[in-house]
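Reader: Hi! I'm new to this one, could you walk me through it?
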Amino acid sequence: MMATEYKKPLPVPENPEPSRPFWEAAKRHELVMPRCKRCNDLFWYPREQCPNCFSQEIDWVTVSGKGKVYAFTIVYQAAHPEYQKEAPYVFAAIDLLEGTRIISNVIGIPPDQVKVDMSVEAVFEDVTPEWTLVKFKPAK
Ligand SMILES: [Zn+2]
């Protein structure tokens with residue numbers, strides 16, 4: 001879906017290089033994670049070195065987008081007035097089936113119905129022509 005009037009500030013990366021494949025995949029509505037070519041570890045967030053073995057040989061793999069809520073909080077007081085318009089909303093840590101943990105929002109459900117261990121799947125919000133955000137909704 002394309003939001004026609006997305007006015008919230010987008011916290012875009014200052015150095016886009018390490019996460020560029022992630023954002024490009026998000027625009028294709030695909031979720032990818034960096035993987036170390038040396039130790040095979042998937043990791044999140046994107047960075048130039050494997051956090052496990054410090055190798056700089058990284059490739060990117062497509063993941064299922066399916067996972068479970070590891071932990072979450074309901075935001076009632078947003079840090080920015082433009083985000084306050086959507087409050088309350090859910091800020092969550094999602095454990096993907098592939099074993100990495102990603103921080104995102106859980107949408108498509110009233111915040112007070114979100115539960116730890118709830119199954120979720122990725123959804124993609126095309127908020128501007130340049131940026132697509134990855135969020136999660138309850139899995140079917
Ligand atoms: Zn490694």
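Author: Happy to; we can start with the overall layout and then look at single residues.
Author: This is a predicted model, where local features need pLDDT of at least 70, side-chain atom pairs count only at pLDDT 80 or more, and totals for chains, interfaces and linings use all residues. Residues are numbered from 1 along each chain as its sequence is written.

Reader: Thanks! How many helices and strands does the protein chain have?
Author: There are two helices and seven strands. Both kinds are DSSP runs numbered from the N terminus: helices are H or I with at least four residues, strands are E with at least two. Going from the N terminus, the order is α-β-β-β-α-β-β-β-β.

Reader: And how compact is the protein chain?
Author: It is as compact as a globular protein of that length, because its radius of gyration is 15 Å, close to the 14 Å that the globule rule gives for 140 residues. That radius is taken over C-alpha atoms, and the rule is 2.2 Å times the number of residues to the power 0.38. Along the principal axes, the C-alpha atoms fill a box of roughly 45 × 30 × 25 Å.

Reader: What share of the residues is buried?
Author: Buried residues make up 17% of the 140. A residue is buried if 20 or more other C-beta atoms lie within 10 Å of its own, exposed if 12 or fewer, and partly exposed in between, with C-beta atoms placed from the backbone.

Reader: Which residues have the most contacts inside the largest nonpolar core?
Author: Those are Ile 94 and Val 106, in a core of 17 residues. A nonpolar core here means buried Ala, Val, Leu, Ile, Met, Phe, Trp, Tyr and Cys residues joined through C-beta atoms within 7 Å. At least two core residues come from each of α1 (20–27), β1 (32–36), β4 (89–96), β5 (101–106), β6 (119–126) and β7 (132–138). The largest share, four residues, is supplied by β4.

Reader: Now Val 90: buried or exposed?
Author: Val 90 counts as buried because it has 21 C-beta neighbours inside 10 Å. It is in strand β4. Beyond its neighbours within four places in sequence, Val 90 is in contact with Phe 72, Ile 74, Asn 105, Val 106, Pro 111 and Val 114.

Reader: Changing topic, where are the cis peptide bonds you'd point out?
Author: One runs from Trp 44 to Tyr 45, with omega near 15°. Tyr 45 sits in the loop between β1 and β2 (58–62). Another cis bond joins Ala 87 and Pro 88, with omega about 0°, and Pro 88 is in the loop between α2 (81–84) and β4.

Reader: What about phi of Phe 54?
Author: Phi of Phe 54 is near 70°, a positive value in a residue other than glycine. Phe 54 lies in the loop between β1 and β2, and it counts as exposed because it has 10 C-beta neighbours inside 10 Å.

Reader: And where is Asp 117?
Author: Asp 117 is in the loop between β5 and β6. Its phi is positive too, about 75°, although Asp 117 is not a glycine. With 8 other C-beta atoms within 10 Å, Asp 117 is exposed.

How values were computed: Contact = placed C-beta atoms within 7 Å.
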